[in-house]
Amino acid sequence: MAQRILVVDDSPINIKAVALALEAIGYEILEATDGRMALEVAAETLPDMLILDVQMPEFDGYEVCRRLRRQPAFMTRPILMLSANNALHERVQGLEAGADDYMAKPFEAEELQARVKALLRRANPPPVITATAQGKMVAFFSLRGGVGLSSLSVNLAAGLNQIWGGGKVALADMVFTGGHSALMLNLPLRTSWSDLASTEPDHIDEEVVQQVMLNHACGLRVLPAAPRPDQNERITPAQVSRVMQVLRAKYDYTIIDAPHNFNETTLAALDAVDQIVLVLAPEIGSIVATTCALDVFDQLGYRSDKITLLLNATFERGAIARKDIETALRRPLGMIIPYASEFFTNALNRGAPPVLDMPTKPLGGLLEEWAFSFSTEEDTKRPVERPSPALQRVLQRLQQRRKGRA
Ligand SMILES: Nc1ncnc2c1ncn2[C@@H]1O[C@H](COP(=O)(O)OP(=O)(O)O)[C@@H](O)[C@H]1O
Ligand SMILES: [Mg+2]
């Protein structure tokens, strides 16, 4: 059953705007147009969450919030205040009245959606999944499209595979609106996530998952998304969680190409991983999207060391300077991938990622070293009898650089 959200506002237009944004992602909206009515509807319907306007006839939003918080049924239900006034003291007053979050009007639908989802999930956290085996899981994420998630995740997965040997690395393409991982690796798309949609989560085991994965000649295993959105839409968060568990148990490394949204299936994957690489391009839209994603991660209770920022220079001219980006985000950029349009586009068109196709060229070498930096301590500390050519190259380059510095 859809979760119900009571929206309280004296302006029907505002109610409509909120309802449009939230109904679009599956919530049911209840309405009240003043404070007194809000308390009545809330008591009658026990909504899962409330969104309160501040200025209203009868009692204002703060008063509604205070009165609700005194009732046992509403002590922990999420309350979001939505106000035309974004002054600091108003925010503080809202939070003091017992609101969980505060947003200014006018709002971006995407931000409202993300915040509502985060608040509802914090109120009803998903069950903790205890991993049995210790594979490492990394997801690439951005709310903005075209920043290079697919390019980077394919190169990381293929790079780790070259370094540590075939059969240990999986790439899971979660772009359910239409994934491109198979295309990027020139793999015929025989099976995909969509083949798991009719299997009960409890029945998804290693064998079932292996059957729908594709084998790349280099040894990399790929769980692709079907090319059309309608083919993937029946996949549930419970199925995603289960697949994540199976992949972690089977592979030393699982790399996830995440979609540019906070859908429940995306969250099931982000919850499961050890590291989220939050990717941005050096332009303002990307910086805004990154701020929003960081905010949501914070609300979801993700530890800040779970998130790494990566700057991918997807365009050549007019980039915002690194230090300005770091100042805006109040965080250091953990990694930087240089502009290399010709190689990335060429790789995409040919289905051959640079890390596989040209490992001895500068970009391939850079990506190889970058992939190596994701290695587990277990791998880097273990003596390797016969190191792969990729590992030999990486170690040689690191050694040369160390010598150069000495
Ligand atoms: N470092 C880079 N330099 C130049 N172009 C890049 C770089 N990284 C990615 N691209 C290009 O940007 C476009 C979007 O990349 P893609 O990986 O599909 O992004 P996303 O998965 O985030 O939508 C592609 O054409 C890709 O070749
Ligand atoms: Mg993509």
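Predicted model: local features only at pLDDT ≥ 70, side-chain atom pairs only at ≥ 80, totals over all residues.
Figure 1. An oxygen atom of ligand 1 lies 3.2 Å from a polar backbone atom of Val-147. Gly-146 also takes part, with a backbone N or O atom 2.9 Å from an oxygen atom of ligand 1. A nitrogen atom of the ligand is placed 3.2 Å from a backbone N or O atom of Ala-313.

Figure 2. Gly-146 is the residue whose backbone N or O atom is 2.9 Å from an oxygen atom of ligand 1.

**Figure 3. Crossing of helices α6 and α18.** Helix α6 spans residues 149–164 and helix α18 spans residues 389–405. Their axes come within 5 Å and cross at roughly 95°. Because angles of 65 to 115 degrees count as roughly perpendicular, α6 and α18 are described as roughly perpendicular to each other. On the α6 side, the contact involves Gln-162, Ile-163 and Trp-164, which meet Ala-390, Leu-391 and Val-394 of α18. The residues of this contact comprise 5 nonpolar, 1 polar and no charged.

**Figure 4. Ser-388 in the loop between α17 and α18.** Ser-388 is located in the loop that joins α17 (377–381) to α18. With residues up to four places away in sequence not counted, Ser-388 touches Gln-162 and Ile-163. Gln-162 and Ile-163 also belong to the α6 residues that meet α18. Ser-388 has a relative accessibility of 14% and therefore counts as buried, the limit being under 20%.

Definitions and conventions. Residues numbered from 1 in each chain as written. Chains lettered and ligands numbered in written order. Heavy atoms only, no water. Axes fitted to C-alpha atoms, helices over the stretch in contact; angles between N-to-C directions. Helix = DSSP H or I, 4+ residues; strand = E, 2+ residues; numbered from the N terminus. Parallel < 35°, antiparallel > 145°, perpendicular 65-115°, else oblique. Contact = heavy atoms within 4.5 Å. Nonpolar A, V, L, I, M, F, W, Y, C, P; charged D, E, K, R; others polar. Buried < 20%, exposed > 50% of the residue type's maximum accessible area, 1.4 Å probe, protein only. Polar contact = N/O pair within 3.5 Å; in protein donor to acceptor, adjacent residues only side chain to side chain.
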